[in-house]
Amino acid sequence: MLGAHAGAVALLLAGAVPDLVAGVLVGATLPQLSALSAARWSALLSGERAAALPSAFALEALANGVSYMAGPALVSVLGATGHPVAGVLLAAALVVGGGLALAAQCRTVPPLIGHAERRHAGRALLCSAFLRQVALGLALGVFFGAIQVSVAAYAVGRGTPDAAALLYVAFNCTNLVGGWVYGAWRHGGSPRRRQAAAAACLTLASLPLTFLDAPLAVGATLALTGLAVPVLLILSSVLTESAVPRAVLTQAFTWGSSASAAGIAGAAAVAGRLVDAGGAQGGFGVAAGAAALMTVLALGGLRDSPPDVPKSSAPAETTVPNAPLTRRDSSTNRSAP
């Protein structure tokens, strides 16, 4: 896949095929490194070490946040200095280099699963608990896409396009803070309840964006929304890991990443039309609506029965006289930071 992606980028730079075709090929061959990394964390931190898994997902969220901040800035600087091709090459080099570095980590490769077991485990991808997390990923992607379009529209509409960068910084910096604080926090409780609480907080923080106009107020509100976003990302990974068997875990994480990407793409088009019709507040309304949908989905997940998914590396369920079951339930007993 890495070779195919490098080849697609080469086609784009060489102009050998139409840009639209080359762009589709570049996107289609982009490897799902985040899903592969999450699956490796799950395999590495299994059994008695499972309590550390949310912290690992928090580290992933922090790394993603840093890349989303630094990547566009680096590419923009290269483009502004008259070297747009260098920006594309830098992005491709980071993908290929990072992918090769991940592939070289042989110690963390999940154990191979037989075809028959994978086929049987694949039915879990249709369970309501997992599909709910996919829907949440889609809604979170809509939130991201709408925020990106709306922030740019707001800054341009006020005649200060450079202010968009400062607003993005406010959002992304608190995003990093939220992920770091949540990853360092040690406290018991239900990940489902925390997901519902984080989604509700995001909704409440997003609603003022639909009517605020002062730059400082908009920046402060964006900063508040940034605190809740990494918590939702972390908990979605935790609940996805608990909802499906390990045999299809990489596939499950890929579904979540793809849903988020689809939400970002779709929201950009919808929010753009609303911005043209009613200004930046219309686009912020799409983001607030996506946050409200996440809240509804997360609240609905509170009614789901506890997952009972066999993990190939987990200890078998046993009973002891006059004692409760020793099997750990991923969504209720695992300590999440």
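These legends accompany several close-up views of one predicted model.

Residues are numbered from 1 along each chain as its sequence is written. Because the model is predicted, local features need a pLDDT of at least 70 and side-chain atom pairs count only at pLDDT 80 or more, while totals for chains, interfaces and linings use all residues, and side-chain values use heavy atoms, with hydrogens and water left out.

**View 1. The protein chain is built from twelve helices and zero strands.** Helices (H or I, at least four residues) and strands (E, at least two) are DSSP runs, numbered from the N terminus. Of the 337 residues in the protein chain, 42% are buried, where buried means under 20% relative accessible area, exposed means over 50%, and partly exposed lies in between (1.4 Å probe, protein chains only). Among the contacts (heavy atoms within 4.5 Å) with a separation of 6 or more, 79% join residues 24 or more positions apart.

**View 2. Helix H3 covers residues 33-44.** From its first C-alpha to its last, this helix of twelve residues reaches 16 Å, close to the 16 Å expected at 1.5 Å a residue; the expected span is 1.5 Å times one less than the number of residues. Buried residues of H3 include Ala35, Ala38, Ala39 and Ser42. An α-helix has 3.6 residues a turn, so residues three or four places apart point the same way. The buried residues of H3 pack against helices H4 (53-80), H5 (84-103), H10 (215-243) and H11 (249-278).

**View 3. One of the three aromatic pairs in the structure joins phenylalanine 57 and phenylalanine 253.** Rings of Phe, Tyr and Trp (its six-membered ring) pair if their centres lie within 6.5 Å, and planes under 30 degrees apart count as stacked, over 60 as edge-to-face and the rest as tilted. Here the ring centres are 6.0 Å apart and the planes stand at 65°, so the pair is edge-to-face. It links distant parts of the chain, with phenylalanine 57 in helix H4 and phenylalanine 253 in helix H11, 196 residues apart. Phenylalanine 57 is buried at a relative accessible area of 3%, and phenylalanine 253 is buried at 7%.

**View 4. Another aromatic pair joins phenylalanine 130 and tryptophan 255.** The ring centres of phenylalanine 130 and tryptophan 255 lie 5.5 Å apart with their planes at 45°, so this pair is tilted. Phenylalanine 130 belongs to helix H7 (residues 128-157) and tryptophan 255 to helix H11, 125 residues apart, so that distant parts of the chain are linked. Phenylalanine 130 is buried, at 1% relative accessibility, whereas tryptophan 255 is partly exposed, with a relative accessible area of 31%.
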